[in-house]
Every structure is written in C-alpha cells, then in structure tokens.
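This briefing looks at aromatic contacts and at one part of the surface. Please keep the sequence and the structure in view while reading.

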Amino acid sequence: ASNAINVFNRSSSSPSGELTFVEVVKTGINGVQGLTAAQSVTVSPDGNHVYAVGTYDDALVSFNRSNVNGTLTFTGMHKDGLSGVDGLDAPYMVKVSPDGNHVYVSATDDNSISIFDRNAMTGALTFNNKVTNSNLSVVLGFDISPDGNNIYVASHAQGKVVVFSRNS
C-alpha cells in the first residue's frame, strides 16, 4: 500500500547478513512513477539496474542502481497501452533473463508474459512482444531456468504450469 521500494544494504561481514536501511523510492517523489501497488522487484545480473512492476499502474518501472551504496535512480516507465506496449494489464512478476538480454513480465489480466529487450550497458528496455495462449489464465508467477532456455509459467485459473522455450 505504500507504492514504494525500500532499499537495504546487507552486511557481507556479518554472519547474520544484517540489513541497514538506505532509502525508500516512492511513486510521486523525485519523478518516480508507476509503483502503485508495487508487486515484484528484480535486479539485473550485473547489479546495475532494478526493475519493478506497479500492478495498479499497469507499469514496468526501471532504475539505475549504485554499486557503491545501492541507491536507485528512476530512469523510466513502460505502461500498458502506451507507445506500443502490450501485456502489462495488472502486472504481477518481473524477472531478468540469466544472460541479462531480456526482461519478462507476467500480467494477470492480460493472461500473458511480456518480453522486453534489454540494453545491458544502459539498462534501457524496448518492448518486444506479448506471449499468450489458451493455457494461460490469471498468470501469476513464473521462473526462468538457470540456463535461460525455458520459462515456466503458473496458469492459476487453469491449474497448469506452461513451459515455453526461450530464444536468447
């Protein structure tokens, strides 16, 4: 309900991995948009970028991440129905592929997975495509295999796990 992402540093020297609060990034502050009902957050494999979804905003939000202190800088938002973006109606989960080349978003109301091409240097995203089929209904969670070859999607209403081959 806070429409925000809380950032913490984790102590690598502490056996317990103690957390220290760094900042809160919130919709409506410092130009940040798209985090209403923030549902899922992921960090790129290189640690330089963070992506989140705002379920009520139908949005995928991008940030640059400082490797020094972990602070986030808002860089942009992709919104369902704007600039050719499709498949972000009630986004639920976001993940970056193991190779860092793509960002995937599940959307419960679109019954789909949206694919974004990712520029590994800048973290910028470009909408690629929306994938759906008759076995996808109320798409919630999904995962990408460690080798990046497959995506496993939970189709909640169908009671199925649907497997897609991934072309990296």
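Predicted model: local features only at pLDDT ≥ 70, side-chain atom pairs only at ≥ 80, totals over all residues.

**Aromatic pairs and a nonpolar patch**

A search of the whole structure finds 3 aromatic pairs, and two of them are described below.

Phe63 and Phe74
- Phe74 forms an aromatic pair with Phe63 in an edge-to-face arrangement, at 6.0 Å centre to centre and with 70° between the planes.
- Because Phe63 belongs to strand E5 (residues 59-65) and Phe74 to strand E6 (residues 72-79), the pair ties together parts that are 11 residues apart in sequence.

Phe116 and Phe127
- Phe116 and Phe127 form an aromatic pair that is likewise edge-to-face, with 5.5 Å centre to centre and 70° between the planes.
- Phe116 is found in strand E9 (residues 112-118) and Phe127 in strand E10 (residues 125-131), so this pair ties together parts that are 11 residues apart in sequence.
- Phe116 counts as buried at 0% relative accessibility, while Phe127, at 22%, counts as partly exposed.

Nonpolar surface patch
- Phe8, Leu19, Phe21 and Val24 make a nonpolar surface patch of about 400 Å².
- Strand E2 (residues 19-26) contributes the largest share of the nonpolar patch, with 3 residues.
- Leu19, which lies in strand E2, is exposed, with a relative accessible area of 52%.

Methods
Residues numbered from 1 in each chain as written. Heavy atoms only, no water. Phe/Tyr/Trp six-rings, centres within 6.5 Å; stacked < 30°, edge-to-face > 60°. Helix = DSSP H or I, 4+ residues; strand = E, 2+ residues; numbered from the N terminus. Buried < 20%, exposed > 50% of the residue type's maximum accessible area, 1.4 Å probe, protein only. Patch = residues over 30% accessible without salt bridge, like charges linked within 9 Å, V, L, I, M, F, W, Y side chains within 5 Å. Areas by Shrake-Rupley, 256 points an atom, 1.4 Å probe, with all protein chains shown as cover. Salt bridge = Lys/Arg side-chain N within 4 Å of Asp/Glu carboxyl O.
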